[in-house]
Amino acid sequence: MIRNRFGKVAAAVVVTGLISGIVTAPVHAASNTIIVWADETRGPNLQKVIAAKGDWVPGYTIKIVPFSSFDALKAAFDNATALTGPDIVVGANDWVATGAKQGKLAPVTLSSAVRANFTSNNFFDLSYKGVLYGVPLDVNNVAMIYNSKLTGKPATLGQMVSFYLKNKAADKLTAGLCVAGGGMSWGAASVLGALGGAPYVMSANGSVSVSADPVPADTVAANIKALFLDKNGKSNGFFPATDTGCKTAFLAGTVPYAIIGNWEWQDYVKAGFDMNLMPVPGVKHGTNGSAFASVSGAMLTTFAAAHGVDQGAKSLLNNFFGSTAGAVAYQNIELRPPANKKAQKDGSITAAQKGFGKAGSIAGIPQIGAILNGAPGGKSYWDLLPAFWTDVLVNGKDPVASAAKMDTFFQANIAAGVPQL
């Protein structure tokens, strides 16, 4: 049974092991020990980094506590108290609002040097009511890959369509661009973006614009008619309304462009493909389709102050989690795309990590559940976008009317969701 954080009447923690349940052992052996909770992959990998260099915060000992799964970590943090909880928790961006409301997460102040390493959208992801609660770690996103044996890097969506139509027969292409990772709502968001639409528009200051039209129906419909439909208003086959078979087709060389997830890039490397990752290019040269690129974060808890290590924990956030050196050391082992923009350019980071990271920085928007899940009595983005693809590419419905209908729901979702942020 746990009585206190210093170990009285408590079982010992073996930091190298995995904690599978929601009951945790005492978290601190001394007031200069900073405890970090993480999941089954990030935890062991953070242990390796700290074992290699443990003096990120002079005068403090850093202990990483891994859990057996992401769900086990979430359950443990949901039940954590000042007696048992960590000083820093490495978790998902959608933990921020709940943790802040419950008083479990504490505001974070980052140095100007650290803030310069990230985008405003990264910080939006880890904020609630305009207050920042953590440091961005890695990006969860998709990006487009192209088959360099078939074609070169495209500058516009129109270039991609032209290549497909010109070479469809000779190269036995079954589609031009398809979604291999993320599905027809999350993964295909960048295609909607390339056509001129979005689930919401982010302002330059990193907030959601309540005035911008998310789906300008005439523009999106005109681009669909020009690029995705033939002269009879039927799909020209460039962009399928389903993700079924996409990965297999791309790997087989019958699709020149595919949207893939950053969790699967090693499959493409093993198959011999270059990691020439990029956002889906827009209709106009120099534009890109926005895609979801939310981040995980290292979040400061209010427990750190109760444990007397809040200053040390804040230093760890700035000196390790927020630094380029820390990001590179960690991601060399974790192999996820770093959110840190300078780390994305480091020579030791793989081409895939760089590509996904850069795509997220260029065209990434936060995944905001308060908006995407739908207004009361409305419809969720997750249902609306796949239905839109089916309507205009399979069922032959009018693109203008279909886009306008989707836009109405998106605007209602924005109006209902923004006040919750």
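The accessible surface of the chain, computed by the Shrake-Rupley method with a 1.4 Å probe, comes to about 16,800 Å², and carbon and sulfur atoms account for 54% of that area. The model is a predicted one, in which local features need pLDDT of at least 70 and side-chain atom pairs count only at pLDDT 80 or more, while totals for chains, interfaces and linings use all residues. Residues are numbered from 1 along each chain as its sequence is written, and side-chain values use heavy atoms, with hydrogens and water left out.

The secondary structure, assigned as DSSP runs (helices H or I, at least four residues; strands E, at least two) that are numbered from the N terminus, comes to 18 helices and 10 strands. The radius of gyration of the chain, taken over C-alpha atoms, is 23 Å, close to the 22 Å that the globule rule (2.2 Å times the number of residues to the power 0.38) gives for 421 residues, so the chain is as compact as a globular protein of that length.

| Property of the chain | Value |
|---|---|
| Box filled by the C-alpha atoms, along the principal axes | roughly 75 × 50 × 40 Å |
| Buried residues | 54% of the 421 residues |
| Contacts with a separation of 6 or more that join residues 24 or more positions apart | 76% |

Here buried means under 20% relative accessible area with a 1.4 Å probe, counting protein chains only, and contact means heavy atoms within 4.5 Å.

Thr119 lies in the loop between helix H4 (112-115) and helix H5 (120-125). At 15% relative accessibility, Thr119 counts as buried, and, leaving aside its neighbours within four places in sequence, Thr119 is in contact with Lys341 and Ser361.

Note on methods
Buried < 20%, exposed > 50% of the residue type's maximum accessible area, 1.4 Å probe, protein only.
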